[in-house]
Structure formats: structure tokens, C-alpha cells
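Colleague: I would like to go through this model before planning anything with it. Can we take it one question at a time?

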Amino acid sequence: MSLSARSAPPDNGTMERDPLFSAASFAGGAPSLHNSQPWHWYVGREILELRLEPDRVLPSSDPAARLAVLSCGVALHHARLHLAAAGLVVTVQRVPDVGDPGLLARLHLVATAAPDRDAVRLADAAAVRRTDRRELPGAPVDYHRIHRVRAAVRAQGPELTPLLPLQVLALGRTVELARAAEATHAGRQRELSRWVGVERRTGAGVPAGALPAGPHRVITPAQALRRPGADLVADSREHAAVFTLLHGPAGRRGDWLRAGEGLSAGWLTATALDVALLPLSLVLEGGELPPGLPGGTDQPYLVVRLSTGTPDPLPPTPRLDPEVTVTTVVQRRRLPRG
């Protein structure tokens with residue numbers, strides 16, 4: 001039986017000292033599609049379960065919930081980092097019950113160990129990581145840092161492949177087509193208006209302050225969200241940024257979960273190396289997957305832009321309170337027969 005079937009209101013005084021509750025709360029800072037935070041954690045004795053929260057899945061932009069599951073994978077990696085940095089060893093079962101597709105992962109606390117220094121470093125990076133949609137000039141990203149970001153992604157399962165110049169130009173055309181299709185899709189426009197540039201969802205969504213300033217302010221929030229990434233891809237004069245494709249095995253929900261774990265590892269590694277990472281999901285939203293991207297028979301998960309620069313730090317985007325995304329569970333020990 002899943003922990004969610006035995007839920008109870010949290011005892012905040014006790015649970016704030018619980019390492020699994022702390023890990024779930026820390027994971028709430030993970031990035032997600034339009035800051036939708038589509039996860040819910042269930043904390044039990046030595047068990048932590050991650051579930052997809054259907055009320056925070058965007059049905060028009062993400063009809064198969066692929067990007068929502070990927071976002072949950074980012075949160076899963078954040079939780080794993082927090083535990084490893086605290087010196088706690090866990091086993092992870094991904095999509096452990098085929099009959100319960102909403103259950104994405106189950107973590108079992110099994111031992112203690114010395115704090116993992118790499119996990120401590122990446123957990124520190126999580127505190128300053130931001131989604132920077134601004135267009136700022138910078139020097140080209142050097143190969144050494146790209147290699148380290150790619151290695152961090154690959155260690156979690158997926159691949160991060162740099163695009164060749166002709167592929168970037170083809171991607172620019174794909175982005176423009178995707179943007180035009182989105183502009184005529186009434187359902188996606190309504191959805192974007194609810195999640196982007198407004199404060200209607202306390203702790204969720206992309207607030208106006210997180211959108212690019214300057215000329216983008218004269219257009220709608222949804223257009224401001226889309227314009228920087230699309231223009232940078234389409235503009236052949238942009239040479240400092242490196243565009244890459246996050247890709248891996250196709251089809252299964254567990255693959256999208258691992259894609260999110262890889263994105264988290266790469267993003268936090270990039271942050272620690274002073275590299276700005278921006279995921280561009282537009283070409284994969286709406287349920288259609290574009291042809292012609294690298295990776296052979298692999299599934300494209302996201303386009304990812306890597307760039308440098310020393311911009312002014314951005315404020316953090318809002319987050320839902322842990323009482324919304326974390327539930328404690330009453331677990332009764334089984335009595336021995338006799």
C-alpha cells in the first residue's frame with residue numbers, strides 16, 4: 001500500500017526535525033515547468049514517496065504530463081542531494097508500481113555515512129540557482145565547463161549533446177513554428193495567462209518580476225516568457241551561448257523522471273561553475289515532439305542553453321509552502337504473530 005493511503009496532518013514541531021521531511025521541503029525549491037511544482041511528497045518512518053500532483057499538471061501545454069514528470073525528477077534529485085549532504089544513505093525505486101502511475105519514486109532510508117562533499121557543494125548551489133531568461137552578452141562558455149555539466153547529466157542517465165551550427169539554425173525555425181502554433185491555440189493561451197505574469201496562484205507560477213525587462217514589457221506576459229529563448233535561437237548572430245539537447249531513452253515515465261534528475265545535476269553543476277543554464281521547453285510543449293534533432297532514436301526531453309555573464313542576481317521565484325506539498329504519514333509497526 002502506498003503511503004498516500006495512510007496520510008495524516010503533519011506535526012510540524014516533530015517533522016521539521018525529520019530528515020526526510022527536511023529533504024522534501026528542500027526539494028520544493030526545484031525548478032519546474034512554469035513554476036507549477038507538480039509534486040507531492042509523503043513522509044513516513046524511513047520512507048519518502050514522491051507522487052505527481054495532477055492539479056498542478058498543465059493539460060494544454062503538457063497533455064501527456066511528460067514535462068511534469070521531468071519536473072518531479074528535478075525535485076527528486078534535489079531531495080537525494082539534501083540527504084546525501086546530511087550523511088544519509090537511501091535506496092531509490094523509480095516508478096515502483098506499474099498499477100499506480102502517479103507514484104513516481106520511493107526512497108528508503110537505510111544507513112548513515114559521512115556527508116557527501118559533492119552533494120554539499122551542489123546543495124549550496126541550489127540556494128542560489130535561478131532561471132535567468134534575460135538576454136545578456138557574455139564570453140563563450142569554455143569546453144572544460146561544458147564537459148563537466150555534460151558529465152553531471154550523464155551520471156544520472158540521460159545525455160546532453162551540443163548542437164552543431166546548422167542544427168541551431170534548424171532549431172530556430174522549429175521554435176518559430178512552435179511559437180506560431182501556440183499563439184493560435186486558445187487552450188494554451190488561457191493556460192499561460194493563468195500561470196505566467198500574474199500573482200493569482202500563491203507560491204506558484206512565474207511572477208512578472210521574473211520576466212525579462214525592457215522592450216518585452218510592452219507585450220503580454222506569455223509572449224515575454226517565450227521571446228528571449230526563441231529570439232536567441234533564431235538569431236544567427238548570437239555566438240556566445242551553447243545550445244544543447246537533453247535526450248535519452250524514449251517512452252516510459254521513468255525515463256522522463258531520470259531526465260529531470262539529469263537536468264538538476266547539470267543545472268546545479270553549471271551554477272557552481274558560474275554558467276547560466278536556461279531550459280527551453282517550447283518546442284516540446286503541446287504534446288508534439290519535433291523531428292530532426294540529434295540523438296538518433298533517443299527521445300528529446302528539452303533544449304538547454306548554456307551561457308556566461310555576470311548579471312545582477314535575480315530574486316527567487318515564489319514557492320508553495322511545505323504544508324501544501326508535503327504530507328506526513330502514520331505508520332504502524334506490524335506486531336509479530338504468536
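Modeller: One term first: a helix here is a DSSP run of H or I with at least four residues, a strand is a run of E with at least two, and both are numbered from the N terminus. The model is predicted.

Colleague: In which loop is Glu46 found?

Modeller: Glu46 has a positive phi of about 65 degrees although it is not a glycine. Most residues other than glycine have a negative phi. As for its place, Glu46 sits in the loop between S2 and strand S3 (47–52).

Colleague: Is Glu46 buried, partly exposed or exposed?

Modeller: Buried would require a relative accessible area under 20%, and exposed one over 50%. Glu46 has 47%, so it counts as partly exposed.

Colleague: What is the relative accessible area of Trp41?

Modeller: Trp41 belongs to strand S2 (residues 39–43). Setting aside residues up to four places away in sequence, Trp41 touches Ala24, Ala27, Leu48, Glu49, Leu50, Ala75, Leu76, Ala79, Thr325, Val326 and Thr327. Trp41 is buried, with a relative accessible area of 0%.

Colleague: Which helix does Thr325 lie in?

Modeller: Apart from neighbours within four places in sequence, Thr325 is in contact with Trp39, His40, Trp41, Arg56 and Leu320. Thr325 is buried, since its relative accessible area is 4%. The helix that contains Thr325 spans residues 322–325 and is H10.

Colleague: Which residues of H3 make the contact with H2?

Modeller: The crossing of H2 and H3 is right-handed. H2 contributes Pro19, Leu20, Ser22, Ala23, Phe26 and Ala27, and H3 contributes Ala75, His78, Ala79, His82 and Leu83.

Colleague: What is the hand of the crossing where H3 passes H4?

Modeller: H3 and helix H4 (residues 117–126) pack at about 130 degrees, with axes 8 Å apart, and they are therefore oblique to each other. In this pair, His78, Leu81, Ala84 and Ala85 of H3 meet Ala119, Val120, Leu122, Ala123 and Ala126 of H4. The crossing of H3 with H4 is left-handed.

Colleague: Which strands stand at the edges of the open sheet?

Modeller: The sheet has 4 strands in the order S6-S7-S9-S8, with antiparallel pairing. Two of them have a single partner strand each, so one side of each is left without a neighbour in the sheet: strand S6 (159–162) and strand S8 (276–280).

Colleague: How many bridges join S7 to S9?

Modeller: S7 covers residues 242–248 and S9 residues 299–307, and the two run antiparallel. Within this pair, Leu245 stands opposite Val303, and Gly248 stands opposite Gln299. The number of bridges joining S7 to S9 is 7.

Colleague: And which residue of S7 does Glu159 stand opposite?

Modeller: S6 and S7 run antiparallel and are joined by 4 bridges. The residue of S7 opposite Glu159 is His247.

Colleague: How many residues of S7 are buried?

Modeller: In a regular strand the side chains alternate between the two faces of the sheet. In S7, Val242, Thr244, Leu246 and Gly248 point one way, while Phe243, Leu245 and His247 point the other way, and all are buried. The count for S7 is 7 of 7.

Colleague: Which helix lies across S6, S7 and S9?

Modeller: This helix spans residues 143–154 and runs at about 150 degrees to S6. The helix across these strands is H5.

Definitions and conventions:
Residues are numbered from 1 along each chain as its sequence is written. This is a predicted model: local features need pLDDT of at least 70, side-chain atom pairs count only at pLDDT 80 or more; totals for chains, interfaces and linings use all residues. Side-chain values use heavy atoms; hydrogens and water are left out. Two strands pair if DSSP finds at least two bridges between them. Contact means heavy atoms within 4.5 Å. Axes are lines fitted to C-alpha atoms, for helices over the stretch in contact, and angles run from 0 to 180 degrees between N-to-C directions. Buried means under 20% relative accessible area, exposed over 50%, partly exposed in between (1.4 Å probe, protein chains only). A crossing is left-handed if the near helix is turned anticlockwise from the far one by less than a right angle, and right-handed if clockwise. Angles under 35 degrees count as roughly parallel, over 145 as roughly antiparallel, 65 to 115 as roughly perpendicular and the rest as oblique.
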